[in-house]
Amino acid sequence: VTTVREAAAELRCSVSFVYKLLKGGELAFERRGRRKLPLARSVAEYRQRSLVEPLTPARPAAPARPTAYRHLFAK
């Protein structure tokens, strides 16, 4: 069991977003009085599910053709 602030820090998001996830059923929680405390394993599972694969690097640009800028060096 973690606090909402700890869950937000681990997920690198805002506290209000964690409450939105709790309300939407994305994160499991435990009730203690009026408080909703996210379960640590649920936070870890959500983080793993929501990982985005890193983008592949873009293909490097082709070098400029020397003839393309010939007009700049015209005498």
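User: Before we discuss helix packing, what are the axes fitted to, and between which directions do the angles run?
Analyst: Axes are lines fitted to C-alpha atoms, for helices over the stretch in contact, and angles run from 0 to 180 degrees between N-to-C directions. Please note that this is a predicted model.

User: Understood. How do α1 and α2 cross, then?
Analyst: Helix α1 spans residues 4-11 and helix α2 spans residues 15-24. Their axes cross at roughly 100° and come within 9 Å of each other.

User: Is that parallel, antiparallel, perpendicular or oblique?
Analyst: Angles from 65 to 115 degrees count as roughly perpendicular, so α1 is roughly perpendicular to α2.

User: Which residues make the contact?
Analyst: From α1, the contact is made by Val 4, Arg 5, Ala 7, Ala 8 and Leu 11. From α2, Val 15, Val 18, Tyr 19, Leu 21 and Leu 22 take part.

User: And by class, how many are nonpolar, polar or charged?
Analyst: The contact of α1 with α2 has nine nonpolar residues, one charged residue and no polar ones.

User: Staying with α1, which of its residues are buried?
Analyst: Val 4, Ala 7, Ala 8 and Leu 11 are buried in α1. Viewed down the helix axis, the buried residues of α1 fall within an arc of 100°, so they line one face of the helix.

User: What do they pack against?
Analyst: The buried residues of α1 pack against α2, against β2 (35-38) and against α3 (40-49).

User: And what sits on the face turned away from the buried side?
Analyst: That face of α1 carries Arg 5 and Ala 9, which are exposed. Arg 5 also belongs to the contact with α2.

User: What follows α1?
Analyst: Arg 12 follows α1, and this residue lies in the loop between α1 and α2. Its phi is near 55°, a positive value in a residue other than glycine.

User: Is Arg 12 buried or exposed?
Analyst: Arg 12 counts as exposed, at 70% relative accessibility.

User: Let us step back. What is the overall arrangement?
Analyst: The protein contains three helices and two strands, and along the sequence these follow the pattern α-α-β-β-α. Of its 75 residues, 20% are buried. Among contacts with a separation of 6 or more, 43% join residues 24 or more positions apart.

User: Where is Thr 2, and what does it touch?
Analyst: Thr 2 is located in the segment before α1. It counts as buried, at 16% relative accessibility. Leaving aside residues up to four places away in sequence, Thr 2 touches Ala 7, Leu 37, Pro 38, Ala 40 and Val 43.

User: On to α3. What does the side chain of Ser 42 reach?
Analyst: Ser 42, which is found in helix α3, reaches the backbone nitrogen of Ala 28 with its side chain, at 2.8 Å. Ser 42 is buried, with a relative accessible area of 5%.

User: Which residues does Ser 42 touch?
Analyst: Not counting residues up to four places away in sequence, Ser 42 touches Glu 26, Leu 27 and Ala 28.

Methods:
Residues are numbered from 1 along each chain as its sequence is written. This is a predicted model: local features need pLDDT of at least 70, side-chain atom pairs count only at pLDDT 80 or more; totals for chains, interfaces and linings use all residues. Side-chain values use heavy atoms; hydrogens and water are left out. Helices (H or I, at least four residues) and strands (E, at least two) are DSSP runs, numbered from the N terminus. Angles under 35 degrees count as roughly parallel, over 145 as roughly antiparallel, 65 to 115 as roughly perpendicular and the rest as oblique. Contact means heavy atoms within 4.5 Å. Ala, Val, Leu, Ile, Met, Phe, Trp, Tyr, Cys and Pro count as nonpolar, Asp, Glu, Lys and Arg as charged, and the others, Gly among them, as polar. Buried means under 20% relative accessible area, exposed over 50%, partly exposed in between (1.4 Å probe, protein chains only). The arc is that of the directions from the helix axis to the C-beta atoms. A polar contact is a pair of N or O atoms within 3.5 Å; within protein, one must be able to donate a hydrogen and the other to accept it, and residues adjacent in sequence count only if both atoms are side-chain atoms.
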